[in-house]
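This briefing concerns the structure displayed below.

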Amino acid sequence: MLKGIILACCLTTTVLAQKESMLLGPGDEVEVQVFDTPDLNQTARVSDGGEFPLILGGTVKLASLTPAEAARTIEAALIKSKVMYYPKVLVTVTQYATQSVTVLGQVNKPGAYEIETPRSVVDVLGLAGGLTELADRHVTIERHTSHRQISYYVSNRSDDLLDQKVMVNPGDKLIVPKAGFVYVLGDVARPGGYPMTNNDGTLTVLQAVAQAGGTASSAAPNSSRLIRKTAVGGYQSDPLNFSAMQKGKKPDIPLQAGDIVYVPFSYLRNAALGVTSIAASATGAALYISK
């Protein structure tokens, strides 16, 4: 009776500790414990084909299963082969075939880093020296067994950073893309490009203009335009009414990567610049990184 209680506690603890995203893969060393039948306990590696050879019960497919799912699969195999009627199995990964995680993209020290157990996204980014100033906070985790891609948002908020619902497993890849830029050009204090690296990964028209130091006294803000690239490769230009947005009479407009907010000078000669000319000037604009 006591043994049963102890095993139940072990099974519960193991299932809670092992995240559902941690899947077995070829080459992983697996320990199988069969309650009350130590002769069936064994440690072996998952084959290149994803199979595991049982002492009794034949070969079972364990690749791409969690440890808990693998235990149920082995129990079913023991029942099917009539080795046991009510088996209780515990599966533990004792060694991963691939002990490193690869971190690519906008981190200070990209490369491969040794990890033996699943680690949080923040921990792995810390091994790679953290995000660069140009990093997009929407990162991608590619699982080493299934190659499934998982999107994860690296928040600036401390409570969110402690969230460990998504873990990086040995053998996974963590890819950090470059953030998109929006451009604020024309009669503003600091015309140039601004990365979309704030906590929400977005910028609005008013936020972008504020980052550019605001409009100059010689500007004509109510004649401003939002210039956005179209799907066919051209540009569309829409008017922006700054006064209405600042007063809350019109909603602030969220920007997309590559958008251009153009605030014209009040001088007549500059008010009629064409969309193509404005877009061309963005390619050589200074880039400003928030410190």
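Two strands pair if DSSP finds at least two bridges between them; helices (H or I, at least four residues) and strands (E, at least two) are DSSP runs, numbered from the N terminus. The model is predicted: local features need pLDDT of at least 70, side-chain atom pairs count only at pLDDT 80 or more, and totals for chains, interfaces and linings use all residues. Residues are numbered from 1 along each chain as its sequence is written, and side-chain values use heavy atoms, with hydrogens and water left out.

**Overall make-up**
- The protein contains eight helices and 17 strands.
- Of its 291 residues, 41% are buried, meaning under 20% relative accessible area with a 1.4 Å probe, protein chains only.

**Helix 2**
- Helix 2 (residues 67–80) has 14 residues and should span 20 Å at 1.5 Å a residue, which agrees with the 20 Å between its end C-alpha atoms; the expected span is 1.5 Å times one less than the number of residues.
- Its buried residues are Pro67, Ala70, Ala71, Ile74, Glu75, Ala77 and Leu78.
- Seen down the axis of helix 2, these buried residues fall within an arc of 160°, so they line one face; the arc is that of the directions from the helix axis to the C-beta atoms.
- Lysine 82, which follows helix 2, has a positive phi near 65°.

**Strands 9 and 10**
- Strand 9 (residues 138–142) and strand 10 run antiparallel and are joined by five bridges.
- Serine 151 in strand 10 stands opposite threonine 140.
- Six residues lie between the strands of this hairpin, where histidine 147 adopts a positive phi near 60°.
- In strand 10 (residues 149–153), Ile150 and Tyr152 form the covered face, whereas Gln149, Ser151 and Tyr153 form the uncovered one.

Notes
Buried means under 20% relative accessible area, exposed over 50%, partly exposed in between (1.4 Å probe, protein chains only).
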